[in-house]
Amino acid sequence: MAKNQKHFRFVKGFLVGSLTTATAVYGALHAFKKKVIEPENQENERVEENRRRANRKSLQAHQG
């Protein structure tokens, strides 16, 4: 009986530890995405929009 209890406690601890580790990794990746990836994408979109606007202005100025 004692051996089964030890085995059950080990499995329970292993599962809880694995779940906690997986949650921590997910949180770290999510934070990285929010702090690094998304702002970079937004900046690229802003630059592209400014480029389109400048091209339209340039073409309109030379329509004459």
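Colleague: The expected span of a helix is 1.5 Å times one less than its number of residues. How far does helix 1 reach from its first C-alpha to its last?

Modeller: Helix 1 reaches 87 Å, close to the 88 Å expected for its 60 residues at 1.5 Å a residue. Keep in mind that this is a predicted model: local features need pLDDT of at least 70, side-chain atom pairs count only at pLDDT 80 or more, and totals for chains, interfaces and linings use all residues. Residues are numbered from 1 along each chain as its sequence is written, and side-chain values use heavy atoms, with hydrogens and water left out.

Colleague: How many helices and strands are there in the chain?

Modeller: One helix and zero strands. Both kinds of element are DSSP runs numbered from the N terminus: helices are H or I with at least four residues, strands are E with at least two.

Colleague: Is the chain spread out or compact?

Modeller: Spread out. Its radius of gyration is 27 Å, well over the 11 Å that the globule rule gives for 64 residues, so the chain is more spread out than a compact globule. The radius is taken over C-alpha atoms, and the rule is 2.2 Å times the number of residues to the power 0.38.

Colleague: What box do the C-alpha atoms fill?

Modeller: Roughly 95 × 15 × 5 Å, taken along the principal axes.

Colleague: Where does helix 1 bend?

Modeller: At Lys 33, by about 35 degrees. That bend is the angle between axes fitted to the seven residues ending there and the seven starting there.

Colleague: Is Lys 33 buried, exposed or partly exposed?

Modeller: Lys 33 is partly exposed, at 43% relative accessibility. Buried means under 20% relative accessible area, exposed means over 50%, and partly exposed is in between (1.4 Å probe, protein chains only).

Colleague: What share of the chain is made up of buried residues?

Modeller: 0% of the 64 residues. The chain exposes about 6,300 Å², and carbon and sulfur atoms supply 61% of that area. Accessible areas come from the Shrake-Rupley method with a 1.4 Å probe; for residues, only the protein chains shown count as cover.

Colleague: Which residues make the nonpolar surface patch?

Modeller: Phe 10, Val 11, Phe 14 and Leu 15, over about 420 Å². Patches are made of residues with over 30% relative accessible area and no salt bridge; like charges are joined within 9 Å, and nonpolar side chains (Val, Leu, Ile, Met, Phe, Trp, Tyr) within 5 Å. Val 11 is in helix 1 and is partly exposed at 32% relative accessibility.

Colleague: Switching to charges. How many salt bridges are there?

Modeller: The search of the whole structure finds six. A salt bridge here is a side-chain nitrogen of Lys or Arg within 4 Å of a carboxyl oxygen of Asp or Glu.

Colleague: What does Lys 34 pair with?

Modeller: Glu 38, with the closest N and O atoms 3.6 Å apart. Lys 34 is partly exposed at 42%, and Glu 38 is partly exposed at 25%.

Colleague: Which residues are linked in a network of salt bridges?

Modeller: Glu 49, Arg 52, Arg 53 and Arg 56. Glu 49 bridges to Arg 52 with closest N and O atoms 2.8 Å apart. Glu 49 also bridges to Arg 53, at 3.8 Å.
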